[in-house]
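Please look over the sequence and the model shown here before reading the report. The notes below are meant to be read beside them.

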Amino acid sequence: MPPLARALRSLGQAAAAREGPLLAWLSSRSAAFSSAPPEYDMPSVTWGVIQGRKERLVSRVLALDFLRSAGVSDPAGELEAVELPSSLEVLQERLDFLLRLGLSTDDLSNYPLLLACSLRKNVIPVLSYLEKLGATRARLAAFVRAYPACLHASVAVDLAPMVKALRGLDVDRQDLPRVLERYPDVLGLKPDGTISTSVAYLVGIVGVAPRDIGPMVTHFPFFLGMRVGTTIKPFCDYITSLGLPMRILARILEKRPYILGYDLEETVKPNVEALLSFGIQKEALPLVIAQYPLILGLPLKAKLAAQQYFFNLKLQIDPDGFARAVEKLPQLVSLNQNVILKPVEFLRGRGISNEDVARMVVRCPQILLLRIELMKNSLYFFKSEMKKPMSELLEYPEYFTYSLESRIKPRYMRVTSKGIKCSLDWFLNCSDMRFEDRMQGDFIEGDAPGPSFTMGGKLQMPSSQLVSDDDTEDTDDEVLYRRTVMI
């Protein structure tokens, strides 16, 4: 063999010897790719552990058995679609943390996906952020129980933008925990979705003042998740169709946004029908709603029936008189019957007949809200100082609703100093400016009939009793308890 041929042959044998292992490995990998799927089909990297298909199945069975032994069930099979830790120690750590937080195994059974949340990536950052906002650690369990999906959220992507949106609605920072605790589902809303459309409708169409949106969210955040087309607009359209102007509805919503939560078909409309069936005049409905918006959400038919029977039995007021009293003071439907009897018994004990007391109540049902001590003082002044006949008091029972020290006494002294003989209505049922005009006048004009009268006293309605305090400047809340609501 020629020397050149022998040299080439020796070089080929050496190269084959050097490349043999590499070629063997490549051929084996090529054969693997061309054959059936291998055991390591899309390997799962879980906390640094590479598991194959068989190992994952074994780990899942062990994890589910462990949870069942710990009292956590998964009846809906929700955990079948998520990845669980490969290590039981990690799963034990999650379970212990959530139990220490205040959740129970029943809570975890209701939402077992909580155990699929990483403590370091999800749970701890979310809870730390909520604590930073002011949520107490004692309330975190209730928060997670009400809205467990929050632990799947990202602080930067989900929670922080929503908090920023709430602050943009003028929700005070110290009120954020209250808003989130009352309506944790707000974290699942989109600021540029339902929230923006609900707020835009209330401000732009209804006429709610933008500065009042923040307090509305604080007191009733649920309206942020209500759809305009299916909930808010139908409610507003129905209420205004009863005769209540939109601007008055806006003022009511600013103070009592919770009425948006009343179900229109199941509660509001049946209650309006109940009012009409008990004799409330249709034209009086706007005044009734403006004075007592809560009446739209009460179990009204039963309350009206009970109070009508009570008024007829104890106060000798017929159904028509009861309807007229409710028109003037709709809070009567919720007033405790023992509270009602106290002023009635006081008047009867002063020699006023049952018939006259009934007429006084129908004309001015607000006297049922007064403290007996104040009524005693007013009646004593009427008898001892004014020395007017009782017939005037029977004709104008509103006298009891005015403050003795701040209105009745000063005005009566002014009237007597000028030698004016007039009715109670003439010098009490007018503003301070109007009273001064009357004092400066050279003659006494007749009492001009008006649509209603303005009560003198501030009326408050706690759960068990109603009281009357001295006159103060009118507030929005007080106006709703007054007889006069200008519509």
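The report turns to one helix and then to charged side-chain pairs in this predicted model.

## Helix α23

Helix α23 spans residues 432–440, and within this helix Phe435, Arg438 and Met439 are buried. Viewed down the axis of α23, the buried residues fall within an arc of 100°, so they line one face of the helix. The face turned away from that buried side carries Met433 and Gln440, which are exposed. The cover over the buried residues of α23 includes α21 (404–417) and α22 (424–428).

## Salt bridges between Glu and Arg

The structure holds 15 salt bridges. One of them joins Glu131 to Arg137, with the closest N and O atoms 2.6 Å apart; Glu131 is partly exposed at a relative accessible area of 27%, whereas Arg137 is exposed at 60%.

Glu181 and Arg139 also meet through their side chains in a salt bridge, at 3.5 Å from N to O. This pair links distant parts of the chain, since Glu181 belongs to helix α8 (residues 176–182) and Arg139 to helix α6 (residues 137–146), 42 residues apart. Glu181 is partly exposed, with 28% relative accessibility, and Arg139 is partly exposed, with 39%.

In the salt bridge between the side chains of Glu254 and Arg251, the N to O distance is 2.7 Å. Both residues lie in helix α12 (residues 246–255), three residues apart, which is about one turn of the helix. Glu254 counts as buried at 11% relative accessibility, while Arg251 counts as partly exposed at 38%.

Terms used: Residues are numbered from 1 along each chain as its sequence is written. This is a predicted model: local features need pLDDT of at least 70, side-chain atom pairs count only at pLDDT 80 or more; totals for chains, interfaces and linings use all residues. Side-chain values use heavy atoms; hydrogens and water are left out. Buried means under 20% relative accessible area, exposed over 50%, partly exposed in between (1.4 Å probe, protein chains only). Helices (H or I, at least four residues) and strands (E, at least two) are DSSP runs, numbered from the N terminus. The arc is that of the directions from the helix axis to the C-beta atoms. Contact means heavy atoms within 4.5 Å. A salt bridge is a side-chain nitrogen of Lys or Arg within 4 Å of a carboxyl oxygen of Asp or Glu.
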